Amino acid sequence: MKILVTGGAGFIGSNFIYYMLSQHPDYDIVCLDALTYAGNLRTLESALKNKRFKFVKGDITDRAGVLELFRNEKFDIAVNFAAESHVDRSIMDPGIFLSTNVMGTQVLLDACREFGVSRFHQISTDEVYGDLPLDRPDLFFTEETPIRASSPYSASKAGADLLVLAYHRTFGLPVTISRCSNNYGPYHFPEKLIPMIIVNLLHNKPIPVYGTGENIRDWLYVEDHCRAVDLILHKGRAGEVYNVGGHNEMKNIDVVKLVIAELGKSEDLITYVKDRAGHDKRYAIDPTKIQTELGWSPQVKFKDGIKTTVQWYLDNRQWWEDLISGDYLKYYEKMYLNR
Ligand code: NAD
Ligand code: TYD
């Protein structure tokens, strides 16, 4: 079995590569990644020592390059993690989100049609459903919830999802889609909330909390997401969407306070800043379908996952110290200075 993993030098894709290499000793994995600001080859250092793993630097929007790769490698399965993934960046500059997330997905779908795969899996997000009100804890996203994206990021992911399903209906391509809630864990780029809290605390820098900090996210440890994708690839039905989430809803401010306590720092570092434009209030997944159909359930409790994650950032300082210098510093100043 040979699997293409696009975007595997990023957060979830790299965790997925390590998960698959360990779970399937007979699988070969090829990672295609453009190494944007979010991609980091150092993350794949150990994988690169494995004979069953190969890295190819390339852009999913480069049609000729992608077709050549498919021609040479003859993939059985393609899993698309490659994306522009940060909501705040999509507010600053939406264009690249459409190009990578929508057009890039189309190139991959065309390559899968041309060369044939037994499965194309699209890594999507619960953000395609828009948000839920804070005062209706009884409501959850199911696979039947209408698409109602709020940000240019989620709109681009929704566009890709519709295209993936259209390629199934029109061309019979064997596709699946997973829509997962917020992930956390090792190799998470420090622009996102949880790694930003850790990194800022380790530098005794303020933690910027948008608005009042009441917004709710449904956090899932990244390995539980990887396990879900593995199950969908092997047991999921073509043409289906699977929501992935573990009923672990938390207010942002409570996440911030928990990490502060974990690191023994002061809550004085919390700084409330101007809210994100169009900020989604609450995400909450109903995972009934993947639980009943595929037997998936999350295995890592948040209190354990967050401990492991904090410890990982303490043990791998060099990994993130390098990332937060240079271009990222410029982004950080543009995003947070005078906010
Ligand atoms: P990330 O930003 O950490 O990684 C994205 C990777 O894609 C990087 O390695 C980057 O170099 C690569 N990439 C970007 N543009 C590319 C292009 N044009 N061609 C090839 N490679 C390209 O993202 P992540 O957090 O790991 O998210 C991975 C996927 O999971 C995304 O599709 C995202 O929408 C989805 N998702 C993320 C979360 C989350 O909490 N992070 C939750 C649900 C779904
Ligand atoms: P983020 O990690 O960007 O994920 P997403 O927006 O895709 O859910 O943000 C998680 C939550 O944390 C979201 O409600 C926005 C909030 N947030 C802050 O309050 N401050 C920050 O500096 C960042 C990056 C996010």
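Analyst: E73 is buried, at a relative accessible area of 10%. The model is predicted.

User: What makes E73 buried?
Analyst: Buried means under 20% relative accessible area. E73 has 10%, so E73 counts as buried.

User: Why is the contact of K2 with E73 called a salt bridge?
Analyst: The closest N and O atoms are 2.6 Å apart. The cut-off is within 4 Å, so the pair qualifies.

User: Why is E214 called partly exposed?
Analyst: Its relative accessible area is 32%.

User: What separates R317 and E321 in helix α11?
Analyst: They are 4 residues apart, about one helical turn. Their side chains meet in a salt bridge, 3.1 Å from N to O. R317 is partly exposed at 34%, and E321 is partly exposed at 27%.

User: Why is the pair of F16 and F81 called tilted?
Analyst: The ring centres are 5.2 Å apart, within the 6.5 Å limit, so the rings pair. Their planes are at 45 degrees. Stacked needs under 30 and edge-to-face over 60, so tilted is the label. F16 is in helix α1 and F81 in the loop between β4 and α3, 65 residues apart. Both are buried.

User: What makes the pair of Y313 and W319 edge-to-face?
Analyst: The angle between the planes is 80 degrees. Edge-to-face needs over 60, so the pair qualifies. The centres are 6.4 Å apart, within the 6.5 Å limit. Y313 is buried at 0%, and W319 is buried at 7%.

User: Which ring does the charged end of R89 sit over?
Analyst: The ring of Y37, 3.6 Å from its centre. The distance limit is within 6 Å. Y37 also belongs to an aromatic cluster, with F189 and Y210 among its members.

User: Where does the charged end of K289 sit?
Analyst: Over the ring of Y242, 4.8 Å from its centre. K289 is also linked with R237, E240 and E293 in a network of salt bridges.

Notes. Residues numbered from 1 in each chain as written. Chains lettered and ligands numbered in written order. Predicted model: local features only at pLDDT ≥ 70, side-chain atom pairs only at ≥ 80, totals over all residues. Heavy atoms only, no water. Buried < 20%, exposed > 50% of the residue type's maximum accessible area, 1.4 Å probe, protein only. Helix = DSSP H or I, 4+ residues; strand = E, 2+ residues; numbered from the N terminus. Phe/Tyr/Trp six-rings, centres within 6.5 Å; stacked < 30°, edge-to-face > 60°. Lys NZ or Arg CZ within 6 Å of the ring centre and 35° of its normal.
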